[in-house]
Amino acid sequence: MITFSLRLLGVSLLGIGSIGVNSAAMAEPPVQISSESGTTTYFPQSNTTTGAIPASDAAKDAAAAAAATTPETPPASRPTPPATAAVTPPTEMPAPASPSVSAPPPSDAAPAAITPAATTPAATTPDATPAPAAVEPAAAPADSAAQPKTEPIPAVAAPVAPPVNPIVAAARAKLGDKALGGRENIAVDVAAARDFYNSRTEPLWVNDSGFTHKAKAVISTLRSADDWGLEPSDFVVANIASGASAEALGAADVQLTLAALKYARFARGGRLDPVALSNILDMKPPVKDAKTVISELASVAEPDAYLRGLNPKHVGFERLRQALLKARGPKQEEEPVDPALLVKLPQGKQLKPGAEDDQVALLRQRLKMPAANPEDERVYDDELVDAVRGIQRDNGLKANGILSDRVRTALNKAGEPKRADPKQNVDRLIANMERWRWLPVDLGPLYVMNNIPEFTSEIWKGNHLELKQKMIVGQPSWPTPVLAANMQFVIFKPSWGMPDGIKSKELLPRLRSASGGGTGIGFFDQLFGGGGGSGGARVLEAYKLQVYYNGRPVDPDSVNWSTADIRQYSFTQPPGADNPLGLVKFRFPNRHDVYMHDTPERGLFAQSYRALSHGCMRVEEPRRTAEVLLAEDKGYSPEKVGQLWDSGASVTLSKEVPVYLVYFTARVDDDGRLLSYADLYGHDGRIMSALRGRPVRYTAPEAFDPAETSARDGVPTASNDAGGATVGADAGSDSMMDAPPPSKKNQNQKKSASAKQQKPQGKSTGGTIQDALSNIFLN
């Protein structure tokens, strides 16, 4: 207020004395200097003359000069503006536009307009701070026409949301219908679609005239889903009538979105939950997140190609897919037959172990098992007996190893030419393609793939097969699980710690029987004849077992096994050639506690049927397996691996190697031939039944109840590798989950079969007993 009054007084005085000043100053635009911000604002000069503008050029010049020369209030004495409001622009305007100054009279009358009272407040109260209420009246112009025209600052308007297409509004309403979910559409897909449409104003697949060209391409992919092993009827698409309403178009848009999401889920293995089908189908398919899928569908140029690309890209899957397309063709071709299957065995007498006969040579050709010594080509030896037992088990016959006419019939039937059954082949191919969907999109730069029905183990480095070898897997009564895990340890010369399950159910009865058990006749005396019981030492010696109590060795003959709590004792089999695990174990921790390992029973790899273990996998070339893995992980040479092999070291891998236990009963080889394998555990039928909407839960026997198994039972040991790194018992100890079932029937069968073995196979003292009972404890 004070500053404003001083300016008015200065304008009046200067206006009187500035008449005749050069009128060129009129060309300068008004200037406003803001002392608050240090900025200068130029107002455009108006072409309209108002009554507030001076009557002469001199007066105008005087007013402009007064505005330019009036000193600003020093910062220290400048009034402080109120905190709640800034000083309004009129208080900062040039003197000519001041609302308190009327049009000046002629120069000789100018002094009469001066009022001394206007200067008094300014002289006496320079530092007074005006109240907010006093500022506004002073700033209010007396004549609105006298105020200079200013350019208004455009206000930043809040963005106006684009209108929602009625089709999208209808789609949102459709997605709010609870009946939309259920069996056809899972909640995750519906929720993803709801979020998508709530953030969208235009439909994804339709316009006012119906489906777009992108939508039609997606619909074509859904209708040809059977080319990829899927069922087109699972993907329902609406028919849009001509002139359809917004509600109908919105429902069609939603339905196509949900159908595309379902295809994406099914392509990645989400059609089934493997674990829900069986406890040994322990896989989690790599289903892609629904929100990611719908976002990518909306952004890609070719959503149909995007959907097809979600199917597995593995070579094995694509080969099966091509075989599926061929199997659905009109022509039925005969399946290729292995020449060995064409060898016929004529009906004849029964051949028992040890017999010599011309038919034995035919049997060797049929089973592709030539004798190591050509002179024994006609001898029905132990290896052939074991192979025949496997054939008998595979065909539901009594596994006694005798070559009978029923065995011959089974062998001859397998070699008969078969005309392809399209339905049977299609089902098998679809079941195997489904299992490919369970595997990760990227298998890894180096990985192990063990195909259970094929009895083979493979190590792959990229697309190169580094090693393929024979493998022994779990028998149907104790199946090997289907799973994916990471190999972490390579353990040389592993020891075996007996779990509580075997202690109580298998070992304890033998310890009691060997000591008489109240009958006075020992178990081993019953089995082999001979005199006098010798207590528990003889049992443990037969199994190459050592017994400990609180970590200290115990004389087994000093224990009364009839009353002792066997769980308080630790039983271990030290490393060595007779150890059930052989000389190396490959451990990839998993909840089933299965692993790969060596075996002292090398002759079993000669059998064509090798479902002989209780879950774990024995590999034919364990040393070569270690060389491949450690060369890749550690850069070890074969010589370095040989040192570890001899020293009994344990190695922890720097980079975990993925291990896939798979179940492919069909595959296509490099020559394009479709190869089939026995459905050992019946998984094909269960999967196809589930795909057709009739799932049946199958609970397979595990090796032992985990509650009864001590995964760290035995005497803790630690071993050093050649580099000095120590790996404790966690890596090398073994619970032997791949152990025999506590079934008396199986025990009796194994006893009778073992008792007929003729050769000790060159084992050391006690080897005969070890051979006789090897099938009980060997996995």
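Val360, Leu363, Arg364 and Leu367 of helix H13 are in contact (heavy atoms within 4.5 Å) with Leu384, Ala387, Val388 and Ile391 of helix H14. The residues of this contact comprise 7 nonpolar, no polar and 1 charged, where Arg is among the residues counted as charged and Ala, Val, Leu and Ile are among those counted as nonpolar. The model is predicted, with local features requiring pLDDT of at least 70 and side-chain atom pairs pLDDT 80 or more, whereas totals for chains, interfaces and linings use all residues. Residues are numbered from 1 along each chain, and side-chain values rest on heavy atoms, without hydrogens and water.

H13 spans residues 358–367 and H14 residues 382–394, and the two pack at an angle of about 60° with their axes 12 Å apart, the axes being lines fitted to C-alpha atoms over the stretch in contact and the angles running from 0 to 180 degrees between N-to-C directions. The two helices are therefore oblique to each other, a class that remains once angles under 35 degrees (roughly parallel), over 145 (roughly antiparallel) and 65 to 115 (roughly perpendicular) are set aside.

In helix H15 (residues 405–414), Val407, Arg408, Ala410, Leu411 and Asn412 are buried, and H13 and H14 are included in what covers these residues. Buried denotes under 20% relative accessible area, exposed over 50% and partly exposed in between, with a 1.4 Å probe and protein chains only.

Glu632, located in helix H20 (residues 622–634), counts as partly exposed because its relative accessibility is 39%. Residues up to four places away in sequence aside, Glu632 touches Leu446 and Lys461.

Methods:
Helix = DSSP H or I, 4+ residues; strand = E, 2+ residues; numbered from the N terminus.
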